[in-house]
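This briefing looks at aromatic rings, at how they pair, and at charged groups placed over them. A pair of aromatic rings is described by the distance of the centres and the angle of the planes.

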Amino acid sequence: MKIIKLITAISIISMSFFSQAHDTKTDKVGNKMLPKISVQLWSVKNELKSDFKGTLQKISAMGFAGVELAGDFGPYKNDAQGLKTFLDSLGLQVSAAHIPFSAFSDDKFAQSVAFYKTLATDTLIVAWDERAWHTEEVDSLIADLNKLHIKLKAEGLKFGFHNHDKEFNQHNNATFWDHIARSTPDDFILQLDVGWVTYADKNPVTYIERYPGRTLTTHIKAKLPNSNNKITGKRAIVGDDLTDWHAVLNAEIAVGGTLWFVVEQEEYPDGLSPLAAIHLSKQGLDKVISRLKL
């Protein structure tokens with residue numbers, strides 16, 4: 001255990017010295033335009049609770065350009081401007097925020113809109129709703145998504161939904177994800193979580209190409225397929241897994257209209273700390289990006 005902690009500490013200390021394949025504080029490789037890279041803060045939820053500012057400082061040192069919020073604002077729960085100022089000092093943007101419907105009820109709508117506008121994010125995503133994979137309930141979810149989409153669009157905000165694996169269960173000769181996509185407007189964001197699509201034994205490229213221009217933000221997550229429990233030599237770190245990341249990123253850039261690659265970790269293999277795991281996944285993503293031919 002002491003050895004693992006020592007390795008993790010060395011990894012974190014060395015983050016700012018890591019020689020990257022490209023500058024992830026910009027959106028270019030040479031003169032090629034690329035999506036920026038952020039991190040979903042759910043990946044480090046426990047670290048945020050114990051040291052909110054220090055954790056974000058470490059994330060900035062890894063070279064991330066932004067963060068995707070997941071409901072924990074640390075000491076800035078009621079101080080959007082304070083959080084914006086702090087993130088600015090670290091060179092971090094808010095790429096998007098995961099939100100619950102309850103935060104945008106009629107009595108909270110104006111306050112929530114003002115909060116996120118102050119943070120200078122224009123993208124809000126519902127991250128989880130169990131109605132999404134129930135035949136009798138999915139249309140109720142779609143109605144709520146469309147209603148909130150109209151209200152947020154009027155405020156100049158983009159809005160969308162985030163998948164897990166069960167949205168790729170069969171529904172009406174397709175999947176629940178297809179049903180949601182086909183029942184929402186073309187400017188409704190389909191935030192594809194590549195890890196969960198892979199886990200569901202589907203090809204993420206299929207869904208990027210099926211709905212052009214709608215994956216404006218994508219979760220870059222490594223997961224192994226659920227169908228094969230005998231995989232050896234692979235782990236849930238981007239680049240160490242089975243996903244064809246080269247094909248995924250090319251589709252995102254060429255077809256998906258992607259603006260942000262959002263690294264997320266929900267598994268921490270080999271005793272890695274969450275911070276060390278997202279650092280390794282970012283390195284893996286950087287390596288794939290460095291090899292893209294655009």
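In this predicted model, the charged end of Lys223 sits over the ring of Tyr199, at 5.1 Å from the ring centre. The charged end of Lys223 also sits over the ring of Trp196, where the distance to the centre is 4.4 Å.

**Aromatic pairs**

- The structure holds 12 aromatic pairs, and one of them joins Phe73 and Phe115 in an edge-to-face arrangement, with 5.0 Å from centre to centre and 65 degrees between the planes.
- Because Phe73 lies in the loop between strand E4 (66-69) and helix H4 (80-90), while Phe115 belongs to helix H5 (residues 109-118), this pair ties together parts that are 42 residues apart in sequence.
- Phe104 and Phe109 form another edge-to-face pair, for which the centres are 6.0 Å apart and the angle between the planes is 75 degrees.

**Burial of the paired rings**

- In the pair of Phe73 and Phe115, Phe73 is buried with a relative accessible area of 12%, and Phe115 is likewise buried, with a relative accessible area of 15%.
- In the pair of Phe104 and Phe109, Phe104 counts as buried at 4% relative accessibility, and Phe109 is buried with a relative accessible area of 10%.

**Aromatic cluster**

- Phe73, Phe104, Phe109 and Phe115, together with Tyr116, form one aromatic cluster.

Methods:
Residues numbered from 1 in each chain as written. Predicted model: local features only at pLDDT ≥ 70, side-chain atom pairs only at ≥ 80, totals over all residues. Heavy atoms only, no water. Phe/Tyr/Trp six-rings, centres within 6.5 Å; stacked < 30°, edge-to-face > 60°. Helix = DSSP H or I, 4+ residues; strand = E, 2+ residues; numbered from the N terminus. Buried < 20%, exposed > 50% of the residue type's maximum accessible area, 1.4 Å probe, protein only. Lys NZ or Arg CZ within 6 Å of the ring centre and 35° of its normal.
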